[in-house]
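Visitor: I would like to go through this model with you, pocket by pocket and then element by element. Could we begin once the structure is on the screen?

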Amino acid sequence: MKQETENRKCIVCGEVKEKEQLLRFTLTPDNQIIPDFKKKLPGKGIYVSVSKAALQKAVEKNLFAKAVKKNVKVSADLVQTIENMLKKKGLESICLAKKAGDLVTGFEKVSEKIKHGKTAFLIEAVDAGADGHQKMVAVAKDLDVFALYSVEELDKALDRVNTVHAALLKGNMASLVHTDLVRLQSFLNA
């Protein structure tokens with residue numbers, strides 16, 4: 001029985017990385033490159049580092065075709081599609097945490113959870129006011145703070161109004177959400 005390895009090689013930088021640091025794509029029967037992050041589709045995986053710049057380079061330099069040694073079709077909006085997918089996945093996991101009771105919103109509630117040591121990490125709207133941001137950073141100390149979504153995006157996802165600050169409580173759900181947000185942050189900033 002063949003044992004599956006957890007490491008794969010990025011077609012852009014050539015580095016061998018863990019699967020969490022890579023985006024998986026596959027080739028359809030009609031030679032279209034499509035994302036396959038859940039590894040459910042048949043065929044050999046093609047891997048690109050979780051980076052917008054790396055994915056843009058793969059598209060611009062036709063690296064998918066070189067990786068599979070044949071002509072392939074790559075959607076003109078592949079990079080934007082992947083960014084949208086990662087943003088959606090992050091929001092879905094945040095919503096799941098809310099449903100599980102592991103998400104707290106609002107500056108006062110978040111501050112209280114931090115003071116009692118129950119917070120795994122924080123989410124702050126990218127368009128948060130500078131004064132609120134400074135206050136939260138002072139309270140947060142060494143916690144990770146993810147600023148990846150606007151107030152509007154968080155409001156829509158959580159069915160709330162004026163969601164500027166949120167905290168994920170310690171536990172298994174926080175680990176899931178953290179993984180999704182790290183992937184999105186890596187994609188946007190790497």
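Visitor: Which elements each supply at least two residues of the lining of the second largest pocket?
Guide: They are β1 (7-9), β5 (46-49) and α2 (63-68). Helices (H or I, at least four residues) and strands (E, at least two) are DSSP runs, numbered from the N terminus. This is a predicted model, in which local features need pLDDT of at least 70 and side-chain atom pairs count only at pLDDT 80 or more, while totals for chains, interfaces and linings use all residues. Residues are numbered from 1 along each chain as its sequence is written, and side-chain values use heavy atoms, with hydrogens and water left out.

Visitor: Which residues line the second largest pocket?
Guide: The lining consists of R8, K9, I11, L27, K44, G45, I46, Y47, A67 and V68. A pocket here is an open set of points on a 1 Å grid over the protein atoms alone, where a 1.4 Å probe fits, with protein on both sides within 12 Å along at least five of seven lines; lining residues have an atom within 4 Å of a point.

Visitor: What is its volume, and how do the residues of the lining divide by class?
Guide: The second largest pocket has about 190 Å³, a volume being the space filled by probe spheres set on grid points that are joined across faces, edges and corners. Its lining has 6 nonpolar, 1 polar and 3 charged residues. Ala, Val, Leu, Ile, Met, Phe, Trp, Tyr, Cys and Pro count as nonpolar, Asp, Glu, Lys and Arg as charged, and the others, Gly among them, as polar.

Visitor: And how much space lies in the largest pocket?
Guide: About 620 Å³. There are 22 lining residues, and F37, K38, K89, D180 and R183 lie nearest the centre. By class, the lining has 12 charged, 9 nonpolar and 1 polar residues.

Visitor: Where does the largest share of that lining come from?
Guide: Helix α3 gives the largest share, 5 residues. The elements that each supply at least two residues are β3 (22-27), α3 (78-99) and α7 (172-189).

Visitor: What span does α3 reach, from its first C-alpha to its last?
Guide: The 22 residues of α3 reach 31 Å, close to the 32 Å expected at 1.5 Å a residue; the expected span is 1.5 Å times one less than the number of residues. Buried residues of α3 include L78, V79, I82, E83 and L86, where buried means under 20% relative accessible area, exposed over 50% and partly exposed in between (1.4 Å probe, protein chains only). Just after α3, G101 has a positive phi of about 80°.

Visitor: Which residues other than glycine have a positive phi?
Guide: N31 is one of them, with phi near 65°, and N62 is another, with phi near 60°. Most residues other than glycine have a negative phi. N31 sits in the loop between β3 and β4 (33-35), and N62 in the loop between α1 (52-60) and α2. N31 counts as partly exposed because its relative accessibility is 24%; N62 is partly exposed too, at 39%.

Visitor: In which sense do β3 and β5 pair?
Guide: They pair in the antiparallel sense over 4 bridges, and two strands pair if DSSP finds at least two bridges between them. L23 has V48 of β5 as its bridge partner. From β5, I46 and V48 point one way and Y47 and S49 the other, all of them buried.

Visitor: What is the strand order in the open sheet of 4 strands?
Guide: The order is β6-β9-β7-β8, with mixed pairing. Its edge strands, each pairing on one side only, are β6 (103-105) and β8 (145-146). Strand β7 (residues 119-124) pairs with β8 in the parallel sense over 2 bridges, and L122 stands opposite V145 in β8.
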